[in-house]
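Here is a short briefing to read with the model open beside you.

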Amino acid sequence: NLLKDLSNGNSAQQRLTSLIGGLCSMMAKDADFTTLVSREMAENNDKRLRVMSEQVFSDIYGQICKLSEELFPELDPHLAACSIVGLVFFPMESRKLRRHLPGWNEENDDPSRITAHASSLLFNRIYDCGSVKPSLS
């Protein structure tokens, strides 16, 4: 269960890293899940997307939003959660393509490596940029 470690006494950063790791592991073990999500998004059937969001992603996404509010209070929690999911989903979804891109190595398909990479980006790089508000004009 992806949400099992969220109620323990760990810090919000540790809980988010654990959730990212669980999501990476689940996607690595169940290629059909990643394929299903990609297909549903590509087909853009609103009814099926609603069912998938309610039955598959609602609890996980809600927890990521709560952790985002705690960790990144200056950011919109919905957009922060979207970015966090994207940091996990795209590397897992694009594994077959990435094998043909420059710089690929087999270690980069390891869920623990993707977890460490996403967490490093969040906590050591992207977060530091959060205090700079881009102009939307």
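In which helix is the place of Arg 98? Arg 98 sits in helix α5, residues 95-98; helices here are DSSP runs of H or I with at least four residues (strands are E runs of at least two), numbered from the N terminus. Please keep in mind that this is a predicted model, where local features need pLDDT of at least 70, side-chain atom pairs count only at pLDDT 80 or more, and totals for chains, interfaces and linings use all residues. Residues are numbered from 1 along each chain as its sequence is written, and side-chain values use heavy atoms, with hydrogens and water left out.

**Helix α5**
- Arg 98 counts as buried because its relative accessibility is 16%; buried means under 20% relative accessible area, exposed over 50%, and partly exposed in between, with a 1.4 Å probe and protein chains only.
- Not counting residues up to four places away in sequence, Arg 98 touches Pro 91, Trp 104, Asn 108, Asp 109 and Ile 114, where contact means heavy atoms within 4.5 Å.
- Lys 96 also lies in helix α5, but Lys 96 counts as exposed, at 67% relative accessibility.
- Between the C-alpha atoms of Lys 96 and Asp 109, which are 13 residues apart along the chain, the separation is 9.6 Å.

- Leaving aside neighbours within four places in sequence, Ile 84 is in contact with Leu 16, Ile 20, Ile 64, Ser 68, Phe 72 and Leu 122.

**Cavity and pocket**
- On a 1 Å grid over the protein atoms alone, a cavity is a set of points where a 1.4 Å probe fits but cannot get out, while a pocket is an open set with protein on both sides within 12 Å along at least five of seven lines; lining residues have an atom within 4 Å of a point.
- Points are joined across faces, edges and corners, and a volume is the space filled by probe spheres set on them.
- There is one cavity of 30 Å³ or more, and the largest cavity holds about 40 Å³.
- Leu 23, Phe 57, Ile 60, Tyr 61, Ile 64 and Val 85 line the largest cavity, and helix α3 (residues 46-71) gives the most to that lining, with four residues.
- The largest pocket holds about 390 Å³ and has 15 lining residues, with Met 41, Ser 53, Phe 57, Tyr 61 and Val 85 nearest its centre.
- In the lining of the largest pocket, α3 has the largest share, six residues.

**Cysteines**
- The structure holds zero disulfides, a disulfide being a pair of cysteine sulfur atoms within 2.5 Å.
- Cys 65 is buried, with a relative accessible area of 16%, whereas Cys 82 is partly exposed, at 37%.
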